[in-house]
Amino acid sequence: MIVLAAGEGTRMKSTTPKVLHTIGGRSLVAHAIRAARGTNPQHLAVVVRHERDRVAEHVSQLDPDALVADQDDVKGTGRAVECALEVLPPGLSGTVVVTYGDVPLLTSETLQGLVAEHHASGNAVTLITATIENPTGYGRVVRDADGAVAAIVEQKDADEQQRAICEVNSGLYAFDAAVLREALADVGTDNAQGEKYLTDVIAIARGRGLSVRAHLVADLWQTEGVNDKVQLARLGAELNRRIVEQAMREGAIVIDPATTWLDADVTIGPDTVVHPGTQIHGASTIGRDCTIGPDTTLTDVEVGDGASVVRTQAELAEIGPRADVGPFSYLRPGTRLGADGKIGGFVETKNADIGEGAKVPHLTYCGDATIGAGANIGAGTIFANYDGVTKGRTNVGAHSFVGSNSVIVAPRTIADGAYVAAGSAVVSDVGPGQLAVTRAQQRNVDGWVARRRAGTRTDEAAQAALAPTPDASPTTTPKTETKDARR
């Protein structure tokens with residue numbers, strides 16, 4: 001199996017090599033390699049040239065067993081295949097399949113069908129073709145009177161009659177290895193582009209009286225390549241449509257497929273409801289009977305059965321069964337929420353392990369923390385985990401309670417069954433059953449508004465509230481601190 005991924009892709013107008021652009025959570029070349037591996041080839045070679053090191057490194061990460069072949073300065077698909085043959089075992093026999101690194105909707109099943117027909121017909125060459133209304137830019141398939149393939153003529157080399165042909169070459173082939181090797185040795189560069197065309201092997205094989213046949217496919221999307229960012233978006237949308245449709249066939253309930261984006265490696269359990277405006281990326285796994293969205297983005301997130309995740313952004317996080325997240329929550333990498341737990345509105349978590357049934361309901365930053373089972377973190381609590389040099393971790397014990405508007409200065413331990421009073425700054429550990437309170441005594445200063453804000457609307461309101469009213473008892477004011485009491 002040979003995957004051609006050496007092209008520069010100038011029409012992409014990008015510093016990123018064309019085959020490294022992504023749709024459905026995978027690079028274009030990753031889609032190609034996955035389809036190729038699905039045929040269980042003995043050998044897989046990927047041909048690289050433009051941005052060689054970047055592409056080769058990516059290929060090695062995707063498939064460490066893949067062979068990387070370097071195309072030299074001779075241009076053309078024929079030369080690319082020659083370079084691939086050089087890294088494959090010498091004397092290779094059997095069938096060689098050639099595909100491209102920019103045809104992301106191609107499936108393993110289609111390649112398997114190509115190989116099966118190639119073997120059954122005893123062809124020297126079998127190529128995948130498709131019939132399209134506007135074949136501009138594609139190589140035309142010229143057939144003989146018997147329906148066999150006589151030649152492939154590139155757009156730039158085609159005459160007017162040949163350009164009217166609507167059957168086009170997809171660039172996907174199955175070759176007899178010996179025929180391919182011998183024919184490539186005879187292919188030259190005498191054409192409009194000065195390139196060594198792989199399609200010339202067709203004419204050479206025909207000239208030797210060998211069988212060349214077409215394997216026509218009805219699914220045109222599988223033969224379409226990416227040449228610019230318009231095509232990238234178009235193919236990305238079609239791939240997403242197929243992924244979402246498959247998820248629904250497997251039991252997911254997608255309210256609005258048009259605004260739901262799922263990567264190829266996402267799995268969703270039966271009866272999970274996905275609301276509009278949801279994006280689920282990476283290798284995210286969603287359980288059954290969940291509620292996801294609306295307006296939610298999950299990347300590499302695991303969600304347990306029966307959980308609810310609403311208007312949330314999460315990455316590299318785990319959400320336990322029946323847990324409740326959102327709205328407007330931000331779960332950063334390392335967040336783990338236990339079964340029946342809660343992360344509520346306007347809460348940010350990072351590297352936080354929140355136990356079973358524990359709650360972080362409102363307006364809280366919870367970073368570098370372990371929250372025990374059944375604990376409750378009050379609104380507005382800040383886990384102060386960074387001192388400007390190092391990160392510190394906080395441990396809150398089981399069934400403990402942290403009051404609203406508290407600051408916990410890490411590293412700190414709040415033991416099981418402890419309380420922190422609202423508004424406290426916790427700078428030392430709290431033992432089991434203790435109440436931590438760090439709060440200055442409140443004092444109310446009489447006459448402050450009259451002296452410091454005289455003539456304001458606040459002063460007018462205060463004077464009106466203090467004025468005696470007919471047939472009413474004198475206004476009672478809170479106990480205040482007198483001058484003598486402050487001494």
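This is a predicted model: local features need pLDDT of at least 70, side-chain atom pairs count only at pLDDT 80 or more; totals for chains, interfaces and linings use all residues.
Begin by selecting helix 2, which covers residues 52–62. Which residues of this helix are buried? They are V55, A56 and V59. Turn the view so that you look down the axis of helix 2: the buried residues fall within an arc of 95°, and therefore they line one face of the helix. Next, select D53, E57 and Q61, which lie on the other side of helix 2 and are exposed.

Continue past the helix to P64, placed in the loop between helix 2 and strand 5. P64 is exposed, its relative accessible area being 66%.

Now select D63 together with R37. Their side chains meet in a salt bridge, with 2.6 Å from N to O. D63, at 7% relative accessibility, counts as buried.

**Helix 3**

Move on to helix 3, residues 77–87, and display the side chains of R79 and E82. These two form a salt bridge in which the closest N and O atoms are 3.1 Å apart. Because E82 and R79 are 3 residues apart in this helix, about one helical turn separates them.

**The stacked rings F328 and F346**

For the next stop, turn to the aromatic side chains. How many aromatic pairs are found in the whole structure? The search gives 3. Select F328 and F346, one of these pairs: the ring centres are 5.2 Å apart and the planes stand at 20°, so the pair is stacked. F328 sits in the loop between strand 24 (324–325) and strand 25 (329–331), and F346 in the loop between strand 27 (342–345) and strand 28 (348–354); the pair therefore ties together parts that are 18 residues apart in sequence. With a relative accessible area of 45%, F328 is partly exposed. F346, with 54%, is exposed.

**The stacked rings F401 and Y419**

Select F401 and Y419 next. This aromatic pair is also stacked, at 5.2 Å from centre to centre and with 25° between the planes. F401 lies in strand 34 (residues 401–402) and Y419 in strand 37 (residues 419–420), so the pair ties together parts that are 18 residues apart in sequence. F401 is partly exposed, with a relative accessible area of 32%. Y419 is likewise partly exposed, with 47%.

**A charge over a ring**

Display Y386 and K391. What sits over the ring of Y386? It is the charged end of K391, 5.6 Å from the ring centre.

**A nonpolar patch**

Switch to a surface view and select I382, V407, V409 and V427. Together they form a nonpolar patch on the surface, with about 270 Å² of accessible area. Within this selection, V409 lies in strand 35, residues 407–409. V409 is partly exposed, its relative accessible area being 30%.

The side chains of D429 and R412 meet in a salt bridge at 3.4 Å, N to O. D429 is found in the loop between strand 38 (425–426) and strand 39 (435–436), and R412 in strand 36 (residues 412–414), so the pair ties together parts that are 17 residues apart in sequence. At 48% relative accessibility, D429 counts as partly exposed, whereas R412 is buried, with a relative accessible area of 15%.

Conventions. Residues are numbered from 1 along each chain as its sequence is written. Side-chain values use heavy atoms; hydrogens and water are left out. Rings of Phe, Tyr and Trp (its six-membered ring) pair if their centres lie within 6.5 Å; planes under 30 degrees apart count as stacked, over 60 as edge-to-face and the rest as tilted. Helices (H or I, at least four residues) and strands (E, at least two) are DSSP runs, numbered from the N terminus. Buried means under 20% relative accessible area, exposed over 50%, partly exposed in between (1.4 Å probe, protein chains only). A charge sits over a ring if NZ of Lys or CZ of Arg is within 6 Å of the ring centre and within 35 degrees of the ring normal. Patches are made of residues with over 30% relative accessible area and no salt bridge: like charges are joined within 9 Å, nonpolar side chains (Val, Leu, Ile, Met, Phe, Trp, Tyr) within 5 Å. Accessible areas come from the Shrake-Rupley method with a 1.4 Å probe; for residues, only the protein chains shown count as cover. A salt bridge is a side-chain nitrogen of Lys or Arg within 4 Å of a carboxyl oxygen of Asp or Glu. The arc is that of the directions from the helix axis to the C-beta atoms.
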